[in-house]
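Dear colleague,

I am handing over the structure below, and after it I set out what was found. Please keep the model open beside this message as you read.

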Amino acid sequence: MANKDLRDWLADVEANGELKRINGAEPQEEIGGIVDLYMRKMGNPAVLFDEVPNYTKGFRVLANILTSTPRINLALGLSANASEHELVQWWRTYMREGPSRPTKRVERGPLMDNILEGAAVDLNLIPTPIWHEHDGGPFIGTACLVIMKDPDSGWINSGTYRVQVQGSNVATVMMSPGKHGRLLMNKYHERGEKCPVAVVVGVHPAIFMLSGLEIPYGKSELEAAGGIFGESVEVLNMPKTGLPVPANAEIAFEGYIGANDVLQEGPLGEWTGYYAGGSRPEPAIRIETMMYRNDPILVGAIPAVPPNDNTFYLGAYRCGAVWSQLEAAGIPGITGVWAHEAGGSRFWLTIAIKQLYGGHAKQVGMVASHCHAGAYCNRWTIVVDDDIDPTNTADVIWAMSTRLDTREGIDIIEGGWSSALDPMCYDGDDDRRNGRVIVNACKPFKRKDSFPVVARSSKALDARIIAKWKSDLPS
Ligand SMILES: Cc1cc2nc3c(=O)[nH]c(=O)nc-3n(C[C@H](O)[C@H](O)[C@H](O)COP(=O)(O)O)c2cc1C
């Protein structure tokens, strides 16, 4: 049985009333401009563009994909109305258990509807938008898979790295230092070989989500996606490189990256909300084969001032991953984790705990801000008591305003793991660091039982009132 694909998810999204169709917008500034407006309010529908002027009718662009919890739920097989808390718990379990299934090779798939080889390859057939006004060109790869093979072990890695169209048969890929794709590419170049690579655009969002987050080195994202689907991902091998790509993808191309073959890349408006990374020479992919389904859909997950489509879905994942890493570090009493969407789901973490011992809150803050899932580009880690809902900004600010003991509740840690994309990182070419703040906004441990009583109804009184007065109460 064929796997669910992007179009199946899109049908579910439309049935749930979360798809907007727009015809006739041009890709130089209108598609990007419309997406930017849609992204500014989380929960707005996904947008599917068709009849793009000067492109074949039916060649579509989809964006604003994972900016609502229901759309993320549908991608992961949860019910559309599952709560944010349920979604965090789903990721917590997924990260702890790490289910996976081997991929299944097939000989044919919808991706093979159109196959262009050699001189016939033409990326310009696809209506690739310039997503923001100051971008350096059209980016075909944002919600993409960049697939490479470890020349030693045969491990297949899939990472989401931005891909810019540089000509009809050439693109660039920007892989930050340490990313698996960059490590694999270097292995080929150190052997004096060209690096085979396949870029896939338009897959079921569950596969894209895994490619954009930190699946451990040596583990295959395509196999991990099989763990979500409960069935193997069907792949076909690209004709030149033999790299496996999902057989029901919308668009894929393959080629080689030569050592020292670079082209000026970027800039692209980034997930931090700035153009901090600028424009630099990046590896060029010389494309030999391009395939696409009939009426292909280019999918974008566009970075911008957060909340944005690049990072919103990562919030629930990061909560589940940080939570499971705190537990793995042996820390008890965690009752909630929230990676605030306005911090790009990275810069701001709030952890709720049931305080069990003196120093507990400090320990949680230190570990959360530096465990693997929490460390990169963190700036604020706030620890609150378990009566505070970490997803409720007003509650968190209230706790910070009324429970912080400034004599020992604020720690500033310098030299943390950062990125050139962080506009406040310290300069240094391959060693980007930042400072971060850990705030203990819990009641002082010694006074927690004698702390002033909270002027809000108890849960028990709430329940009695709601049972009797439901029809008179705000919904
Ligand atoms: C929409 C989106 C775009 C991304 N763009 C880039 C990028 O251009 N370069 C990069 O190094 N990482 C980018 N990332 C982050 C990586 O995808 C992420 O760190 C992932 O873990 C990389 O895969 P790897 O762990 O196999 O290296 C992006 C993530 C998302 C969700």
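In helix H3, the residues Thr69, Ile72, Asn73 and Leu76 meet Glu84, Leu87 and Trp90 of helix H4, where helices (H or I, at least four residues) and strands (E, at least two) are DSSP runs numbered from the N terminus, and two residues are in contact if their C-beta atoms, placed from the backbone, lie within 7 Å. By class, this contact of H3 with H4 has 4 nonpolar, 2 polar and 1 charged residues; Ala, Val, Leu, Ile, Met, Phe, Trp, Tyr, Cys and Pro count as nonpolar, Asp, Glu, Lys and Arg as charged, and the others, Gly among them, as polar. Please note that this is a predicted model, in which local features need pLDDT of at least 70 and side-chain atom pairs count only at pLDDT 80 or more, while totals for chains, interfaces and linings use all residues. Residues are numbered from 1 along each chain as its sequence is written.

The axes of H3 (residues 69-76) and H4 (residues 84-97) come within 11 Å and cross at roughly 35°, the axes being lines fitted to C-alpha atoms, for helices over the stretch in contact, with angles that run from 0 to 180 degrees between N-to-C directions.

The protein is divided into domain 1 (85-293) and domain 2 (312-459), with bounds that come from an automatic or database domain assignment. The C-alpha centres of domain 1 and domain 2 lie 33 Å apart, and their contact takes 18 residues from each of the two domains. On the side of domain 1 that touches domain 2, the largest share, 7 residues, comes from H4, and the residues of that side divide into 11 nonpolar, 3 polar and 4 charged.

Turning to the ligand, there are 19 residues around it, of which Gly159, Arg162, Ser176, His180 and Gly212 come nearest; a residue counts as near if its C-beta atom, placed from the backbone, lies within 6 Å. Strand S8 (156-159) and helix H5 (180-190) each supply at least two residues of this shell, which divides into 7 nonpolar, 9 polar and 3 charged residues.

Finally, an open sheet of 3 strands has the order S4-S12-S13, with mixed pairing, two strands being paired if DSSP finds at least two bridges between them. Strands S4 (104-105) and S13 (244-246) stand at the edges, each with a single partner strand, so one side of each is left without a neighbour in the sheet. S4 pairs with S12 (residues 234-237) in the parallel sense over 2 bridges, and Arg105 stands opposite Val235 in S12.

With best wishes
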